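Here's a quick tour of one protein chain, going from the overall fold down to a few individual residues. Have a look at the model before reading on.

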Amino acid sequence: MSNSYDQHIRPQARELTRRLKEPRRFIQVVAGARQVGKTTLARQVAARAGLPARYASADEPALRGGGWVEQQWVAARILAAESGRKGALLILDEVQKVAHWSETVKRLWDEDSHAGRRLRVVLLGSAPLLIQRGLSESLAGRFEVLRLPHWSFSEMRAAFGCSLNEYLYYGAYPGAAPLIKQPARWRRYILDSLIETTLSRDVLLLSRVDKPALLRRVLEIGCAHAGQILSYNKMVGQLQDAGNTTTLAHYLDLLAGAGLVTGLQKYAGKTMRRRASSPKLQVLNTALLTAQSEFSLAEARKDHAFWGRLTEVAVGAHLANAAAAGDCALYYWRERSREVDFVVRAGRRLTAIEVKSARARRYQAGMTAFSDAFGDARKLLVGGDGIEVEAFLSKPALHWLSR
């Protein structure tokens, strides 16, 4: 497997470069999960934009104070003054870990705007919920958000020569890709460097979590039951009544904000009914499922039920990352025994998607029932005699939703 991680240019890098070259200045906020390439992207953009740049990271166990932001900002101002009309670029990584960061950024940004300084600013954050909270509190009208999702199959294939089967099993963490020839080492990397680090440094350190052990169990359940509809009451039962439904829903929101696991709501056409439904558990990267399973790649391929579920989860992750980036809204649908795997709302267009393994009868029954309830929906079959899984994953989700 080749490794051109640092050379791979993501579409979001081109978009951020374009924004930084525009006459009007906005604070550019890049938000995404750990290990999706935010820092690499920012450094690539600095080089492509042709601006002298200052990079600093607040990714430390102890939270930094607002004075740290001001120190970095003043140094960047000097850099901008020395470069004349060209200006400079300031990149602050893991900014959500700085106490009162948004108030400090607002003050310094407004000072620069009043003084006419040519300083561009990019903020990187691995906890999108916390980033959004700070933006809404202090920086209204001053920022744009660029959401960076997990890597797609086409990106993993271009950067690492990843095959479809490798992508389905090993997922889309670029930092883990060079380790797939050593499965035990790959698994430890996912569990220790990604899952545990995300929980301890992005969720537990920065959010109020009264029961950390329960949060970890919710993540385990979310991964073990990915692709399945599981009521909150059943989850409470599996947790031996260690929590309540409100706590579980909150913890799922935290895990979704960290780019790990989300709970898809049932599509019903009415917001209240959607929120009241049992969630369909969906990982945002298949590595989260397989690293915690007992299957090797060879064993997973031989187990048709597991491989079929993994394929469905990979299609769901592809759609869920598009939803996290703001391209669409993602749901599932079920009435009695009739089910549709995914329902996607993109603008005014509604699309029902079924992932076929060996369930042709269920596909027909579910799609027919869904059409009776929502006649304006388009219908897509992925796998089987429908769109090939490899073809579906090779294109952005919007390619299929807008056709």
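Among contacts between residues at least 6 apart in sequence, what percentage join residues at least 24 apart? In this chain it's 71%, with contact meaning heavy atoms within 4.5 Å.

A word on ground rules: this is a predicted model, where local features need pLDDT of at least 70 and side-chain atom pairs count only at pLDDT 80 or more, while totals for chains, interfaces and linings use all residues. Residues are numbered from 1 along each chain as its sequence is written, and side-chain values use heavy atoms, with hydrogens and water left out.

**The whole chain**

Along its principal axes, the C-alpha trace spans about 70 × 45 × 45 Å. Of the 403 residues, 55% count as buried (under 20% relative accessible area; exposed is over 50%, partly exposed in between, with a 1.4 Å probe and protein chains only).

| Residue | Relative accessible area | Class |
|---|---|---|
| Met367 | 4% | buried |
| Ser293 | 16% | buried |
| Gln35 | 32% | partly exposed |
| His100 | 61% | exposed |

Met367 sits in helix H16 (residues 360-373). Leaving aside neighbours within four places in sequence, Met367 touches Val340, Ala352, Ile353, Glu354, Lys379 and Leu380. Gln228 is 139 residues from Met367 in sequence and 18 Å from it in space, C-alpha to C-alpha.

Ser293 belongs to the loop between helix H13 (287-290) and helix H14 (297-302). A polar atom of the Ser293 side chain lies 3.3 Å from the backbone nitrogen of Phe295. Setting aside neighbours within four places in sequence, Ser293 is in contact with Arg187 and Phe306.

Now for some backbone geometry. Most residues other than glycine have a negative phi. Gln35, in the loop between strand E1 (27-32) and helix H2 (38-49), has a positive phi near 65°. His100 has a positive phi too, near 55°, and is found in the loop between strand E3 (88-93) and helix H4 (101-115).

How values were computed
Helix = DSSP H or I, 4+ residues; strand = E, 2+ residues; numbered from the N terminus. Polar contact = N/O pair within 3.5 Å; in protein donor to acceptor, adjacent residues only side chain to side chain.
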